[in-house]
Amino acid sequence: MLDIGPLELVALVVLAVLVFGPDKLPKVIRDVSQFIRKIREFSDSAKEDIRSELGPEFKDFEFEDLNPKTFVRKHVLDSDELGLKEIRNGFDLRKEMAEVADAVHGRESDPPQGSSGASGTTPPSLSKGDSSTPDLLRKREEPSREERPPFDSDAT
């Protein structure tokens, strides 16, 4: 109901009682409800007049479609005239994230399926036995109590 919470509604009722008084409040409520009813009737009759003037080709016209959010959702996001669904389906977030993770860890990403140029073997520089590149996924060994932890000047 117009984003009015229960506490705000109670505050409005108390304010109305203070402003109009308990004697005039029922008459004010009746007048406001009649005014709202007349505005709704006027709005409905205006909508019907516009629909009748537009003709039969606009029989399914809805005034809610004039709202920009509804218009965009109906004509751009739901329709596939622009090929947006192909673009959305063609973007594989998991594959992209795996490629980024491989690049960060210094590994070569998996070759695409069906490529005949790669032999499928791991290059010697990236093999697991090679000590030139650190294995970032391997757990570090616990230092002994006498051993001081490594000092990181960037972290302090």
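Student: Which residue just after α4 takes a positive phi?

Tutor: Gly106, with a phi of about 80°. Helices here are DSSP runs of H or I with at least four residues, numbered from the N terminus. Residues count from 1 along each chain as its sequence is written. The model is predicted, so local features need pLDDT of at least 70 and side-chain atom pairs 80 or more, while totals for chains, interfaces and linings use all residues.

Student: How many residues does α4 have, and how far does α4 reach?

Tutor: An expected helix span is 1.5 Å times one less than the residue count. Helix α4, residues 93-105, has 13 residues and reaches 18 Å from first to last C-alpha, close to the 18 Å expected.

Student: Where is confidence highest, and where lowest?

Tutor: pLDDT is the predictor's confidence in each residue, from 0 to 100. Among the helices, α1 (residues 6-54) has the highest mean, 91, and α3 (residues 84-90) the lowest, 68. Over residues 114-128 pLDDT is below 50. Where pLDDT is low, the predicted coordinates should not be read in detail. The protein's mean is 75.

Student: What does UniProt list for residues 6-22?

Tutor: UniProt positions follow the numbering used here, and annotations may be inferred rather than shown by experiment. The unreviewed entry lists "transmembrane region" for residues 6-22. In the model that stretch is 100% helix and 0% strand, with end C-alpha atoms 21 Å apart.

How values were computed. Side-chain values use heavy atoms; hydrogens and water are left out. Helices (H or I, at least four residues) and strands (E, at least two) are DSSP runs, numbered from the N terminus. Contact means heavy atoms within 4.5 Å.
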